[in-house]
Each structure stands twice: as C-alpha cells, then as structure tokens.
Amino acid sequence: GWYGPELETEDVYDEVGKLSPFKTSGYDTIHVQDVIVIANDDIGVGSKIKSAIMKYGALAVVYFADVTGAGYYDYEHSSQYTNESLESNHEVCVIGWDDSYSKDNFLITPPGDGAWIIKNSWGTQFGDNGILYISYYDKSFSHGDNQVFGMILENNIPYNKNYQHDFTWMGNFISLHDLTGSNGNITYANQFESAADDLIAAVGTYFNAGEINYTVKIYVNDELKLTQEGVSPYNGYHTVKLNQYIPVRKGDVFKAVVTSNAMPVVYCEQSRVHFSENMSFVWYDGKWEDLLSGGVIACLKVYTVNDTSAVVNNNDIA
C-alpha cells in the first residue's frame, strides 16, 4: 500500500483525512512489491517454509512468547515448546532450521527433534545472542489464522505512483462459484483516473496459490491497449511487470482487468475507507457488475513510471 514512514513533503498532511486513490513515491522510499504467503496448512510439514527461506531469506512469523514464566521457555537452551494451542502474541523472523535439534533441549519434551531458528527483536541479551529455537511441534507457531510471510525484494523498478482502492487485505477471496454457482475463472477490474502524464508499467494483485494461470488486460479510455498472460509464481501478492508500457495522460480513465481462479477482495465493512461506485467491478452473466453493490472492493493495484524510467528499463511503449 506504500503507507510506510515518509517525509511530509512526499505525503502532505490532509486535515480532512482523505485517502488518495494514488500514492506517489519518494526517491529514497523502499516499497514492498511482492509477498509470498505460506498457508497455515503447510506449516506442520515445514517444507515450504524451508524452501522459502532458501530462496527469499528471512520470513515473518508469529508465536506465543513466554514472557510471564508460564513454563514454556528454557533459559538454558534458549528454546521453547508450547504444547497448547495458545494465541500468538509476538512477531519474529525465522531465519533457518535444525532438523537434528534435540527434543531434550526443551522444558516440555515435544514428540520429536527439530527446531526453527528464530531471530528476535529484543537485543543480543535475549536468548542465544538474540536467537531462539522453537520446536517444530510448537502449537503457537503461526497456527490458526496466522500465516508465514516473506518479503521478496527483487523488483527494483522505480514506480512513481501506486493507484489503489484497497489499503488493507484480510485474506478474502471470492470465486465465480461463490457468485453464480458455476465453476471457472473469474474476471475483475479496478478503474482509475490518471493524475499525471505517465506510463502504466505493472499491476499487482493476490493469488491463492502458485502455478495459477492469469490474464491481464489494460484499457485506456475504454480502448484495449494490452493483453498479457502469465502464471502466478506463488501464493501471495505479486506485481506483474507489463511487457509493454502504456502511456496515459492526465485525466485519462484507465482500467486494469485480471482473469484468474479467484478474486481477492476487501469487505467494505472491514475498512475505514469510504468507497464509491465505478471503482471496482466483476464480470459475469455477460456484463460488468459494480462490486460496491456486494459490499466488496477488488484488490488490484496499478503502478506507473515516468518517461525516464521507461528508457532506463528499455521497455517497449505501446
């Protein structure tokens, strides 16, 4: 969403408190463009977590931090095994694993060996120089509705604007079957008005799995400018770089359209944003339906670059 810490010159104070449909980028601002999500039903096996660590680095996880002396944390071994399904209360980074870490190193003996290697944020005085070992069998380690996240820092294109209607996402997807009772792919779209002369360079949306076929279409003033197909690389948020940059002028109305197996949405009642009509749509029964009538907004962003960025990245311009 690009709503991280910024200089006020990059995000001028608005006493009314409105949220703009586009967010500008400062030159020194780092933005997350891709996030891998490892679903909680994969956590017990752990293979996907291990693969993600190897490929992307540290992952964000949550667990129950025993800060009140409940008897789960072993000070001698800097280890923890929670044998109850307690609600997670602390977020940390998992940076590795040890399959042979002995089950005898925990206050409560887990069913088997193995531990996640955790980097905490409490300084080097905590644990083993800031490191904690959590048993593979810990029942608070990203269980329940919690998931494991990895920030993928591979897309370094200097996008200058982020057009968006969704500022938060609660993990909700809607399928075509949910709407019509029929199986098949679903097509959704978000519409924006260009704030300046720019080039549409990418779109971002959520996928509920890897290896999902998708199609992206870009319309400018109701004219189709680009059709691009691809396959989702993972479960999570993915920024799709367009094969061609699409020019837009200030005041142009443009629409990003995605066809996939599921539509990521935010429910209006879950958001503090006041949505309006003609922002977000879904296609079925041969026509576009305004999603606001169903109380949801599609999670689909559009990223632009300026002319200089286009030259540097040597992209074709449609």
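Biologist: Which residues form one aromatic cluster with W122?

Modeller: This is a predicted model, in which local features need pLDDT of at least 70 and side-chain atom pairs count only at pLDDT 80 or more, while totals for chains, interfaces and linings use all residues. Residues are numbered from 1 along each chain as its sequence is written, and side-chain values use heavy atoms, with hydrogens and water left out. Rings of Phe, Tyr and Trp (its six-membered ring) pair if their centres lie within 6.5 Å, and the pair is called stacked with planes under 30 degrees apart, edge-to-face over 60, and tilted for the rest. The residues that form one aromatic cluster with W122 are Y73, Y75 and F126.

Biologist: Are the rings of W122 and F126 stacked or edge-to-face?

Modeller: The structure holds 20 aromatic pairs. The ring centres of W122 and F126 are 5.0 Å apart and the planes stand at 85 degrees, so the pair is edge-to-face.

Biologist: Is F126 buried or exposed?

Modeller: Buried means under 20% relative accessible area, exposed means over 50%, and partly exposed lies in between (1.4 Å probe, protein chains only). W122 has a relative accessible area of 32% and is partly exposed. F126, with a relative accessible area of 13%, is buried.

Biologist: Which residue forms an aromatic pair with W283?

Modeller: This pair is edge-to-face, with 5.3 Å from centre to centre and 75 degrees between the planes. W283 counts as partly exposed at 38% relative accessibility. The residue that pairs with W283 is W288.

Biologist: What is the bridge partner of W283 in β20?

Modeller: Helices (H or I, at least four residues) and strands (E, at least two) are DSSP runs numbered from the N terminus, and two strands pair if DSSP finds at least two bridges between them. Strand β19 (residues 280-284) and strand β20 (residues 287-290) run antiparallel and are joined by four bridges. Their hairpin has two residues between the strands, and D285 takes a positive phi near 55 degrees in it. The bridge partner of W283 in β20 is W288.

Biologist: At what distance from the ring centre of W288 does K255 lie?

Modeller: A charge sits over a ring if NZ of Lys or CZ of Arg is within 6 Å of the ring centre and within 35 degrees of the ring normal. K255 lies over the face of F281, at 5.1 Å from the ring centre. K255 also lies over the face of W288, where the distance is 5.1 Å.

Biologist: What is the average twist from one strand to the next in the open sheet of six strands?

Modeller: The order of this sheet is β15-β14-β17-β12-β19-β20, with antiparallel pairing. Its edge strands, β15 (223-231) and β20, each pair on one side only. Axes are lines fitted to C-alpha atoms, for helices over the stretch in contact, and angles run from 0 to 180 degrees between N-to-C directions. From one strand to the next, the twist averages 25 degrees.

Biologist: Which strands stand at the edges of the sheet of three strands?

Modeller: That open sheet has the order β11-β18-β21, and its pairing is antiparallel. A single partner strand leaves one side of a strand without a neighbour in the sheet, so the edges are β11 (172-174) and β21 (296-298).

Biologist: How many disulfides does the structure hold?

Modeller: A disulfide is a pair of cysteine sulfur atoms within 2.5 Å. The sulfur of C268 is 10 Å from the closest cysteine sulfur, in C299, which is too far for a bond. The number of disulfides in the structure is zero.
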